[in-house]
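The following paragraphs lead the reader through a structure, one region at a time. Please keep the sequence and the structure in view while reading.

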Amino acid sequence: MIDEFQEELASLYVLGLLEGEDLADFEQSLARDPALARLVHELRESTAQLALTASDAAPSPELRARLLGQVDTATRWRAQNVIPFRTPVWIPWAAAACLATTCAWLGQLYLGSRFETATLRDQQALAEFQLQSARNQIEAERLIAGHQLSSMTEQLASLDRQLKSEGDLANFKIATLASLAGNSPQALAVAVWNPAKQEGVLTVEKLPALAADKDYQLWLVDPQYAIPVDGGVFRVNPSTGDARVTFKANRPINSVAKFAVSLERKGGVPKAEGPMVLLSQ
Amino acid sequence: MSTLTSCYPADFAVVPAWGNVLARMKPAEHTAEAAAAAERAHFDAELLRRMGRSDREAFAQLYDRFSRPLFATALRILHDTAEAEDIVQDVFLALWEKATAYEVGRGSAFAWAVTLTRNRAIDRVRMRKRRSELLAETTAEDAGTQPSESGPDSSDGLVLKEQAGAVRAAVASLPADQQRAVELAFFSGLTQLEIAQKLSEPLGTVKARIRRGLLRLRDTLGGRQ
């Protein structure tokens with residue numbers, strides 16, 4: 001059903017009086033609505049009749065002749081520029097050959113791509129295997145490195161201990177003791193004192209053999225004490241006069257100024273009483 | 001104004017076939033006229049088809065049938081004989097070039113030719129920027145039908161005279177306000193607003209007069225198309 005508004009738009013449309021959005025909207029409606037299109041057609045046909053009312057004026061005869069001349073020229077130009085075209089017989093065969101070639105090429109391409117895909121898959125599996133091997137090797141090397149590190153740490157600790165020991169050695173007190181008695185001019189002794197351990201070693205040679213009720217007694221002279229500190233008693237080999245004893249002081253020693261060996265009664269004495277046999281320099 | 005031609009509909013929009021138009025006619029009153037009109041339209045369409053095949057004779061015949069009303073329309077719009085002839089020349093060359101694109105279902109050949117002529121003439125008017133001048137020139141005499149001049153003696157000319165007389169009678173039968181509005185809308189090249197200003201009437205009133213006038217012409221001329 002067409003209302004008056006649409007009739008009005010259709011009337012303006014056929015007269016070319018619609019503009020802008022009104023024109024666009026109406027043409028959209030026109031495309032959708034067959035009844036509206038029919039109305040426009042009817043109005044256009046009847047409106048065109050108005051041209052008959054304009055006047056009876058006629059164009060000049062020259063216009064007709066001019067137009068026919070232009071038409072003749074256009075017709076000749078068309079005739080000269082029309083190139084007859086006949087489909088060559090070989091074209092279908094060529095097309096078929098092209099199609100076959102294309103199919104073969106595409107098939108080859110497909111097979112090639114499948115082979116390439118399989119190869120790539122194998123390469124991927126190999127790469128994964130190599131990756132896993134590398135991981136295992138790295139893990140093994142990590143364990144070995146851990147062991148080596150542990151071993152090195154121990155070696156380092158040992159070296160550290162050795163260095164410490166050597167450091168202690170520097171603090172050792174080493175002294176030679178010479179004979180003071182006329183009966184044993186060849187007697188000789190060496191005493192080594194380790195202040196860290198508070199112990200020492202005494203080596204003697206060619207001391208006279210002792211009577212059964214006698215002992216040699218070692219003394220350490222420390223300036224902090226008024227009298228020498230008892231280092232213990234020892235006996236020598238009766239035939240050679242040699243001995244090697246490890247000794248300890250009966251009091252804490254800060255520094256040893258001298259070592260001395262005296263001849264005392266059996267078992268030793270708290271304070272030196274007998275003759276001094278050996279004395280360090 | 002955005003462009004010179006944007007305000008016009010396409011030269012020929014898609015519309016139903018002739019049969020739909022003929023179906024609207026009053027059978028008792030217009031049977032003979034409708035048959036004659038359909039025969040004329042069919043003949044014109046056949047001429048266009050032949051022109052599409054580069055038939056020079058068909059072109060000459062169509063020129064003899066259409067050139068007078070097309071020229072008169074262009075002259076009425078442009079008020080200049082030389083320019084009107086230019087327009088007619090353009091239109092016939094366009095018909096010659098576009099003849100292969102013509103479809104009967106899209107309307108009569110005559111309506112197509114008139115639409116081409118009006119659009120080109122109005123474009124020319126606006127190109128000349130003579131709007132204000134035209135407003136002054138569009139006198140009361142212009143708005144009425146022109147007195148007939150001597151026509152050709154051919155059968156086409158006689159038929160044309162008969163058609164023109166019938167259309168003038170139909171236009172004259174319209175109420176004066178509708179007649180004035182329709183003729184200004186068709187021949188002046190003015191916009192809706194300019195027509196309203198020219199008639200010193202509200203825009204809505206002018207639109208309504210155009211609508212009623214065109215519908216009445218359709219009903220009256222239905223058998224003549």
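An axis, as the word is used here, is a line fitted to C-alpha atoms, taken for a helix over the stretch in contact, and the angle between two axes runs from 0 to 180 degrees between their N-to-C directions. Two packed helices are described by the angle between their axes and the distance between the axes. The structure itself is a predicted model.

With that definition in hand, one may turn to a pair of helices in chain B. The axes of helix 10 of chain B and helix 11 of chain B approach within 9 Å and cross at roughly 100°. Because angles of 65 to 115 degrees count as roughly perpendicular, helix 10 of chain B and helix 11 of chain B are described as roughly perpendicular to each other. Helix 10 of chain B contributes B:Gln192, B:Leu193, B:Ile195, B:Ala196 and B:Leu199 to this contact, and helix 11 of chain B contributes B:Leu203, B:Val206 and B:Lys207. By class, the residues of the contact between these helices comprise six nonpolar, one polar and one charged.

In helix 1 of chain A, the buried residues are A:Gln6, A:Leu9, A:Ala10, A:Ser11, A:Leu12, A:Tyr13 and A:Val14. The cover over these buried residues includes helix 2 (20-32) and helix 3 of chain A, and also helix 10 (192-199) and helix 11 of chain B. After helix 1 of chain A comes A:Gly16, which has a positive phi near 75°.

The axes of helix 1 (residues 4-14) and helix 3 (residues 34-48) of chain A come within 9 Å, with a crossing angle of roughly 45°. Helix 1 of chain A and helix 3 of chain A are therefore oblique to each other, and their crossing is right-handed. On the side of helix 1 of chain A, the residues that meet helix 3 of chain A are A:Gln6, A:Glu7, A:Ala10, A:Ser11, A:Tyr13 and A:Val14; their counterparts in helix 3 of chain A are A:Leu36, A:Leu39, A:Val40, A:Leu43, A:Arg44 and A:Thr47. Seven nonpolar, three polar and two charged residues make up this contact.

The view may now widen to the whole of chain A. Its secondary structure consists of five helices and eight strands, and from the N terminus the elements run α-α-α-α-α-β-β-β-β-β-β-β-β. Of the 281 residues in chain A, 23% are buried. Among the contacts in chain A between residues at least 6 apart in sequence, 57% join residues at least 24 apart.

Strand 7 (residues 258-265) of chain A is mostly covered, with six of its eight residues buried. Three bridges then link strand 7 of chain A to strand 8 (residues 276-280) of chain A, also antiparallel; in this pair A:Ser262 stands opposite A:Met276.

Finally, the two chains meet in a contact that takes 46 residues from chain A and 64 residues from chain B. Helix 3 of chain B gives the most to chain B's side of it, with 13 residues. That side has 35 nonpolar, 17 polar and 12 charged residues.

Helix 3 of chain B also holds B:Ile77. With 24 C-beta neighbours inside 10 Å, B:Ile77 counts as buried, because the cut-off is 20 or more. Beyond its neighbours within four places in sequence, B:Ile77 is in contact with B:Ala121, B:Ile122, B:Val125, B:Phe187 and B:Gly189.

Methods:
Residues numbered from 1 in each chain as written. Chains lettered and ligands numbered in written order. Predicted model: local features only at pLDDT ≥ 70, side-chain atom pairs only at ≥ 80, totals over all residues. Contact = placed C-beta atoms within 7 Å. Helix = DSSP H or I, 4+ residues; strand = E, 2+ residues; numbered from the N terminus. Nonpolar A, V, L, I, M, F, W, Y, C, P; charged D, E, K, R; others polar. Parallel < 35°, antiparallel > 145°, perpendicular 65-115°, else oblique. Left-handed = near helix turned anticlockwise from the far one by under 90°. Buried ≥ 20, exposed ≤ 12 C-beta atoms within 10 Å, placed from the backbone. Pairing = 2+ DSSP bridges.
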